[in-house]
Amino acid sequence: MMTRKAILSDIPGVLALQDRYLVIHIPIELRANGFVTTPFTIQQIEDAIAIDGLFVAEDDQGIVAYVFAASWDYFAQWPIFPFMTARFSQVFFEVKALEIATSFQYGPICIDERYRGTGLLQQLYNTMLEGMQSRFPIGVTFINKINQRSVRAHTLKLGMTIVDEFSFNQNEYLGLAFRTNRKVI
């Protein structure tokens with residue numbers, strides 16, 4: 001299994017994986033197994049690749065996982081992110097309020113169900129950390145509270161800290177933060 005920064009030829013594989021696990025395509029009774037909520041267009045994926053903000057995992061059959069990680073400028077095109085960053089002065093991580101200039105948005109992450117629980121999450125996360133740590137000391141993300149599989153994976157397997165709870169667009173979310181200089185095993 002190889003993890004790396006994404007390149008333009010990865011776009012069809014990223015789109016196929018996204019389509020398979022997008023929340024609107026998954027029956028409610030199967031959502032406990034995890035899902036993604038943000039659909040990315042080809043242009044948005046191209047833009048993420050251009051700023052080294054997309055990381056992928058591939059096996060011999062193609063893309064099996066991806067994670068987006070980019071500045072708040074990139075993510076400002078979705079309304080939830082300006083809402084999150086507007087709250088930063090009241091959200092503390094390691095006794096300091098979060099700041100736009102020193103943090104980035106991590107996620108969404110999507111892993112093919114065949115590879116869940118295999119260590120691929122940690123491997124892809126570490127690849128993302130390597131790509132982001134020279135630019136930002138802190139990563140921030142959010143997880144829909146109903147996606148408990150993702151909450152457990154990010155807090156227990158990746159060691160992220162829950163730093164916030166908020167409501168947006170009739171959904172309840174947890175905000176999490178982490179340091180980019182701490183790899184996971």
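The model is a predicted one, in which local features need pLDDT of at least 70, side-chain atom pairs count only at pLDDT 80 or more, and totals for chains, interfaces and linings use all residues. Residues are numbered from 1 along each chain as its sequence is written, and side-chain values use heavy atoms, with hydrogens and water left out.

Let's start with the overall build. The chain holds 6 helices and 9 strands; these are DSSP runs numbered from the N terminus, with helices (H or I) of at least four residues and strands (E) of at least two. Its radius of gyration is 15 Å, close to the 16 Å that the globule rule gives for 185 residues, so the chain is as compact as a globular protein of that length. That radius is taken over C-alpha atoms, and the rule is 2.2 Å times the number of residues to the power 0.38. Along its principal axes, the C-alpha trace spans about 45 × 40 × 35 Å. Of the 185 residues, 52% count as buried, meaning under 20% relative accessible area with a 1.4 Å probe and protein chains only. Among contacts (heavy atoms within 4.5 Å) with a separation of 6 or more, 72% join residues 24 or more positions apart.

Now for the spaces. Rolling a probe the size of a water molecule over the atoms shows where empty space is left. On a 1 Å grid over the protein atoms alone, a pocket is an open set of points with protein on both sides within 12 Å along at least five of seven lines, while a cavity is a set where a 1.4 Å probe fits but cannot get out; lining residues have an atom within 4 Å of a point. Grid points are joined across faces, edges and corners, and a volume is the space filled by probe spheres set on the points.

The largest pocket contains about 620 Å³ of space. Its lining has 31 residues, and Phe 35, Ile 109, Asn 147, Ser 150 and His 154 lie nearest its centre. The elements giving two or more residues to this lining are β6 (103–111), β7 and α6 (148–157), and β6 gives the most, with 7 residues.

Asn 147 deserves a stop of its own. This residue sits in the loop between β7 and α6 and counts as buried, at 5% relative accessibility. Leaving aside residues up to four places away in sequence, Asn 147 touches Gly 34 and Phe 35. The C-alpha atoms of Asn 147 and Phe 35 are separated by 7.4 Å, although the two are 112 residues apart along the chain.

The second largest pocket holds about 380 Å³. Of the 19 residues lining this pocket, Thr 37, Thr 38, Asn 169, Asn 171 and Tyr 173 are the closest to its centre. Here α4 (80–86), β7 and β9 are the elements that give two or more residues.

The elements that give two or more residues to the cavity lining are β7 (138–144), β8 (161–168) and β9 (171–179), and the largest share, 3 residues, comes from β8.

Conventions:
Buried < 20%, exposed > 50% of the residue type's maximum accessible area, 1.4 Å probe, protein only.
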